Amino acid sequence: MEKYISLAHGDGGELSHRLIKDVFIEAFGGENAALFDAAAITISTHKIAVTTDSFVIKPIFFPGGSIGKLAVAGTINDLAVSGAKPAFLTCGFVIEEGFLISDLKKIVLDMANEAKKTGVTIVAGDTKVVERGSADGVYINTTGIGIFEPNMDCSLEFEEGDAIIVSGTIGDHGIAVLAARGELGIITPITSDCASLNTMLSEVLKSTDSVRIMRDPTRGGLATTLVEIAEDFHLTMKINELDVPVKEEVHGVCDLLGFDPLYLANEGKAIIVVASCDKDKVVDILREFPEGRDAVVIGSIIGKGKGQLLVKTPLGSSRLLTRLSGTMFPRIC
Amino acid sequence: MLEILKQSNNPEICKPLVEVVIEVAKEFRQKFGRKPAFMEVCGSHTMSLARTGVKQCLKDHVHLISGPGCPVCVTDQRSIDAMIALAEGEQRIICTFGDMMRVPGSSKTLLDSKIAGKDIRVLYSPVDAVKIAEENPDKEVVFLGVGFETTIPILTLMIGEAEKQGITNFSIWMTTKLIEPVLRYLLDTGEVQLDGFLLPGHVSIVLGEDSYQYLVDEYSISGVITGFETAELLSGIYKLIDMALTGKVGIENNHPAVVSKSGNQVIQQWMDQYLTECDEAWRGIGVIPQSGLDLKPEYDRFNAKKRFSVDVGDPKKTKCRCGEVIRGLISPNECPLFGKACQPMNPIGPCMVSAEGSCAAYYQYMRESF
């Protein structure tokens, strides 16, 4: 087996074949499916969910995960928060010439482990190799297929008083990745929250029929995701800043750089809007899972029509939260 | 340390403090017939006061004016144009703090130039610029030296490092600012009625408490050096009102854990070794004599302004009133562009861009207060 990815690994010839066989099939299985251009999947008469996402991250390995784990967990979470049970994944790789095959193997193994853990089968894939300098290491696209199970959906029927729950501390992924780039010159114990949430969210949906909506606050963070919900469904939502769980270390780095944790990316958190009467039950269920142990109610829907998100500051005043405005750059002093 | 910081933001401590500040502010109003007016010099103070809700809680009782302490906001439009033009040169790598990327010049931003293919890099640790120069001997690496006393020492550190390693393809485009000359300018012009200053925590670590004595001796105005946590800011405001009520004029150090009387002597020596005072242009103000620092002539080889010729015309005029915001003459929302043509995604002036900018703070945290 070669040490580095070369352009020939993407030309469809022998090296491509060996790459597929020795790296992807070795990890994902499904040798027979790989014989054909498309995988045949039996879905019966179920309503299915399809989602796709591309993963571009630097560094590709970071505390708490890798681009591979992220590519599987991220797509699984997109299905899970939609109320679908993730079933199949496809994956497309764009690899830069010169990429270490040993690193590719690690990434693929992370994908296989995450898929196995979540009961998802990786059924098809594609590999392209581009010239050195045309990409940054490796990019992965994953497409996920899930099944909507009866009586396991979100109602989207919001009411005043509905509770907003977040499944744990926010901003961990954003800070872990930033620190892992090594550009900050800081060492932080923060690890990414990268995790698949399907099992946990499935338990939530089983327990109550009053879940209004679920979302995973990835890029743009908690604030941007909540603003989107508020605007899309014309709701006035209010969160209490003091109730939003943020690790002290994340606060510390944010203070240093002038970042707001409400806008940092998360890769293993869910926002759940649920009828007030069921909020405690949902929090209890979330807390039974490691990825939901810090779940907490952070606010509620306080009205309809306006489509805005407010935050109550620790001093008791309120302010408006908006979407993230472009990339957050660290401040000068 | 974390526990102390946590306490400093603890609402059980901060909420009563707000009440106490409002009480003394009412006393002030009774005595003088107006609200007390203080300037928070530092951009990070502005952000902190808005984000934590202090500004909103006190807006009916204390006039808090954002000052000229955001390094991006005070950068002259011509300097910004020059930095963008500098990036257009061939075989150059421009290194900068992130804040500068979206600041609009007359026709574009550094981010536009980067997207167009120019090699512009945002550094978290500025000293990395020297490393980049070492790794790219066929290119000229230029660091955009923007900032106050807080960041100036890092620039001297970079020069020291380049000198030590004998690197010849590294230079700094200096456009740094000093706090004292601009505070003197504001007080000399008397454009804004002030009862005191919330003095910057980070700058004061370098300068020390004693460096502000001129405020007392020459202008009879008080100052309180504060950090950035809610309780520190509130107690700083309280102390300023209290001094105004009792007729006392002085400099108080509300940040003693990190700010000493004479500042950081080592850093001051670095600055003396490499830098010399120079005239500097401030956005919306113009040139203030001896208000910046440039490299001493013996370090011309690290001075990008001496090494590269950059030709820029007069900056494009806009209706942006950042200059008046910086001088404390208007609040951001009094600018006709605020929140309309000028928004964080489409800033017209630098105050809407920077993580320390007054307009950005108002837009992000205080729009609903208007």
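What follows is a working chat about a predicted model with chains A and B.

Student: What should I know about numbering and cut-offs before we start?
Tutor: Residues are numbered from 1 along each chain as its sequence is written, and chains are lettered from A and ligands numbered from 1 in the order in which they are written. This is a predicted model, where local features need pLDDT of at least 70, side-chain atom pairs count only at pLDDT 80 or more, and totals for chains, interfaces and linings use all residues; side-chain values use heavy atoms, with hydrogens and water left out.

Student: OK, the interface. How many residues of chain B are in contact with chain A?
Tutor: There are 39 residues of chain B in contact with 28 residues of chain A. Contact means heavy atoms within 4.5 Å.

Student: How much area do the two chains bury?
Tutor: About 3000 Å², with 63% of it on carbon and sulfur atoms. Buried area is the accessible area (1.4 Å probe) that two parts lose on being put together, summed over both.

Student: And how many residue pairs are in polar contact across it?
Tutor: The rule finds 2 residue pairs, both at pLDDT 80 or more. A polar contact is a pair of N or O atoms within 3.5 Å; within protein, one must be able to donate a hydrogen and the other to accept it, and residues adjacent in sequence count only if both atoms are side-chain atoms.

Student: Which elements of chain B give two or more residues to that side?
Tutor: They are α1 (2–8), α2 (11–32), α3 (43–51), α4 (54–58) and α16 (358–365) of chain B. The largest share, 4 residues, comes from α2(B). Helices (H or I, at least four residues) and strands (E, at least two) are DSSP runs, numbered from the N terminus.

Student: How many salt bridges are there between chain B and chain A?
Tutor: The count is 0. A salt bridge here is a side-chain nitrogen of Lys or Arg within 4 Å of a carboxyl oxygen of Asp or Glu. Over all chains, the structure holds 31 salt bridges.

Student: Is Asp172(A) buried or exposed?
Tutor: Asp172(A) is buried, at 2% relative accessibility, whereas Lys247(A) is partly exposed at 30%. Buried means under 20% relative accessible area, exposed over 50%, and partly exposed in between (1.4 Å probe, protein chains only).

Student: What does Arg323(A) form a salt bridge with?
Tutor: Its partner is Glu231(A), with the closest N and O atoms 2.5 Å apart. Arg323(A) lies in the segment after β13 (318–321) of chain A and Glu231(A) in helix α6 (residues 221–232) of chain A, so the pair ties together parts that are 92 residues apart in sequence. Arg323(A) is partly exposed, with a relative accessible area of 35%, and Glu231(A) is partly exposed at 36%.

Student: Changing topic. Where is Asn266(A)?
Tutor: Asn266(A) sits in the loop between α7 (248–257) and β10 (271–274) of chain A. Asn266(A) is buried, with a relative accessible area of 1%.

Student: What lies by the polar atoms of its side chain?
Tutor: The backbone nitrogen of Gly171(A) lies 2.6 Å from a polar atom of the Asn266(A) side chain. The backbone oxygen of Pro217(A) lies 2.8 Å from a polar atom of that side chain. Leaving aside neighbours within four places in sequence, the contacts of Asn266(A) include Asp172(A), His173(A) and Asp193(A).

Student: Last one, α13 of chain B. Which of its residues are buried?
Tutor: In helix α13 (residues 265–274) of chain B, they are Ile267(B), Met271(B) and Tyr274(B). They cover an arc of only 80° around the axis, which puts them on the same side of α13(B). The arc is that of the directions from the helix axis to the C-beta atoms.

Student: What do those buried residues pack against?
Tutor: They pack against α8 (152–165), α10 (201–207), β10 (275–282) and β11 (286–295) of chain B. On the other side of α13(B), Gln269(B) and Asp272(B) are exposed.

Student: And what happens at the start of α13(B)?
Tutor: A side-chain oxygen of Asn264(B) reaches to within 3.1 Å of the backbone nitrogen of Val266(B).
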